[in-house]
Amino acid sequence: MKTVTYAQVQQLVAKLPEDKLPSAYRLLSALTAAEAQSPQAAFLRLSVDERRQLLSEQAEQMKAYYEQTADERVEWQTGDFVDESEAR
């Protein structure tokens, strides 16, 4: 999709009849509110370098978490698998 400028949006809004302005305002307001609240949108607004740095930090945190919980995971992942419908 081609980039749309503020000027183009303003031109379209200027062409709207007054009775349509409340609908246009609600739509634009909802779009900006959704952008402001979305962590995914905030992430995508970061530069590529900032995203890489953030993902690298998160990966290090998860690595530490998985190292700390390795014994627990091994415990619940090992053992006999029993079909409980046959055990009755």
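**Exercise 1. The salt bridge**

The structure holds one salt bridge. The model is predicted. Task: find which residue pairs with Arg52 in the salt bridge, and how far apart the closest N and O atoms are.

Solution. 
- Step 1. Look at the side chain of Arg52. Its salt-bridge partner is Asp49.
- Step 2. Check the distance. The closest N and O atoms are 3.9 Å apart. The cut-off is within 4 Å, so the pair counts.
- Step 3. Check the surroundings. Arg52 is exposed, and Asp49 is exposed as well.

**Exercise 2. The overall fold**

Task: state how many helices and how many strands the protein has.

Solution. 
- Step 1. Count the elements. There are six helices and zero strands.
- Step 2. Read along the sequence. The pattern is α-α-α-α-α-α.
- Step 3. Ask how much is covered. The protein has 88 residues, and 3% of them count as buried.
- Step 4. The protein exposes about 8500 Å². Carbon and sulfur atoms supply 56% of that area.

**Exercise 3. A nonpolar patch**

Task: list which residues make the nonpolar surface patch of about 610 Å².

Solution. 
- Step 1. Collect the members. They are Val4, Val9, Val13, Leu16, Leu21, Leu27, Leu28 and Leu31.
- Step 2. Assign them to elements. Helices α1 (6–15) and α2 (21–37) each give two or more residues to the patch.
- Step 3. Find the largest share. Helix α2 supplies it, with four residues.
- Step 4. Take one member, Leu28. This residue lies in helix α2. Its relative accessibility is 39%, so Leu28 counts as partly exposed.

**Exercise 4. Rings**

Task: decide whether the aromatic pair of Tyr65 and Tyr66 is stacked or edge-to-face.

Solution. 
- Step 1. Search the whole structure. One aromatic pair turns up.
- Step 2. Read its geometry. Tyr65 and Tyr66 lie 5.3 Å centre to centre, with 70 degrees between the planes.
- Step 3. Apply the cut-off. An angle over 60 degrees counts as edge-to-face, so this pair is edge-to-face.
- Step 4. Check the cover. Tyr65 has a relative accessible area of 43%, so it is partly exposed. Tyr66 is at 42%, so it also counts as partly exposed.
- Step 5. Visit another ring, that of Phe43. Arg51 lies over its face, at 5.9 Å from the ring centre.

**Exercise 5. From α4 to α5**

Task: locate Thr69 and decide if it is buried or exposed.

Solution. 
- Step 1. Find the place. Thr69 sits in the loop between α4 (48–68) and α5 (70–77).
- Step 2. The cut-off for buried is under 20%.
- Step 3. A polar atom of the Thr69 side chain lies 3.0 Å from the backbone oxygen of Tyr65.
- Step 4. Go just past α5. There Gly79 takes a positive phi of about 115 degrees.

Methods:
Residues are numbered from 1 along each chain as its sequence is written. This is a predicted model: local features need pLDDT of at least 70, side-chain atom pairs count only at pLDDT 80 or more; totals for chains, interfaces and linings use all residues. Side-chain values use heavy atoms; hydrogens and water are left out. A polar contact is a pair of N or O atoms within 3.5 Å; within protein, one must be able to donate a hydrogen and the other to accept it, and residues adjacent in sequence count only if both atoms are side-chain atoms. Patches are made of residues with over 30% relative accessible area and no salt bridge: like charges are joined within 9 Å, nonpolar side chains (Val, Leu, Ile, Met, Phe, Trp, Tyr) within 5 Å. Accessible areas come from the Shrake-Rupley method with a 1.4 Å probe; for residues, only the protein chains shown count as cover. Buried means under 20% relative accessible area, exposed over 50%, partly exposed in between (1.4 Å probe, protein chains only). Rings of Phe, Tyr and Trp (its six-membered ring) pair if their centres lie within 6.5 Å; planes under 30 degrees apart count as stacked, over 60 as edge-to-face and the rest as tilted. A charge sits over a ring if NZ of Lys or CZ of Arg is within 6 Å of the ring centre and within 35 degrees of the ring normal.
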